[in-house]
Amino acid sequence: MDATNVGTPDPHPTDGGRREQVLAAALDTFVRYGYRKTSMEDVARAADISRPGLYLMFGAKRELFTAAVTHALDRSIAAVTEVLADPARPIRDRLLDAFDQWTGRYIGAMSREVNTMAEEYSDLLGPAATEYPSRFAALLDTALTESTDPALAPRSAAVAQTLISTSIGIKQQVTTRAAFLERLAVAIDLIVVR
């Protein structure tokens, strides 16, 4: 470490597992209490880390918030990528699993809080607020284009956007992950499977 880095928190500590634990606890805490009401002390307590230890990882609450949300989005995009990359599975099943990874895990008690947080604090996320949804749409578009159904390729972008809009509407109407997936399966069957 050179002298220019002294006193600057390491943005990527070597203990990746500990960092992931802190980020998960931070996201849960931000979702539960909201950005404004969450203190670094709240996150430290939830992550079972000292407040000074938390500040060594993340120099400010804003930095922690951005890292926690971005980390969750990275994990979701990675899971979606993996699900959609399996050409041995029918496109219907891959799409349903992709939406479950992207949206399904946020259905239920915390659903409204996640939506509110995403809207209210999108300015804290910067380009990530639009980048990740665009990446998700592109992954769907690619999977639909590459599917074995030749009718899907020319309309893949429209199908992807229609399914995204449908999933948003369903998410607002249901209270369980199972209900979300059941209704989304119907939509996928109507739109994709002929």
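These are my notes on a predicted model of one protein chain.

**Ground rules.** I number residues from 1 along each chain as its sequence is written, and side-chain values use heavy atoms, with hydrogens and water left out. In this predicted model, local features need pLDDT of at least 70 and side-chain atom pairs count only at pLDDT 80 or more, while totals for chains, interfaces and linings use all residues.

**Whole chain.** I looked up the elements and found ten helices and zero strands; these are DSSP runs numbered from the N terminus (helices are H or I, at least four residues; strands are E, at least two). Of the 194 residues, 41% are buried (under 20% relative accessible area, with a 1.4 Å probe and protein chains only).

**H4 and H5.** I then took helix H4 (residues 61-84) and helix H5 (residues 91-102), which pack at about 170 degrees with axes 9 Å apart. Axes are lines fitted to C-alpha atoms over the stretch in contact, and angles run from 0 to 180 degrees between N-to-C directions. H4 is therefore roughly antiparallel to H5 (angles over 145 degrees). The contact (heavy atoms within 4.5 Å) includes Leu 73 and Ile 77 of H4 and Leu 95 and Trp 102 of H5. I noted nine nonpolar, two polar and two charged residues in it. Nonpolar covers Ala, Val, Leu, Ile, Met, Phe, Trp, Tyr, Cys and Pro; charged covers Asp, Glu, Lys and Arg; the others, Gly among them, are polar.

**Asp 100.** I found Asp 100 in helix H5. Asp 100 counts as buried because its relative accessibility is 13%. Leaving aside neighbours within four places in sequence, I listed Arg 105, Arg 177 and Leu 181 as contacts of Asp 100.

Notes:
Parallel < 35°, antiparallel > 145°, perpendicular 65-115°, else oblique. Buried < 20%, exposed > 50% of the residue type's maximum accessible area, 1.4 Å probe, protein only.
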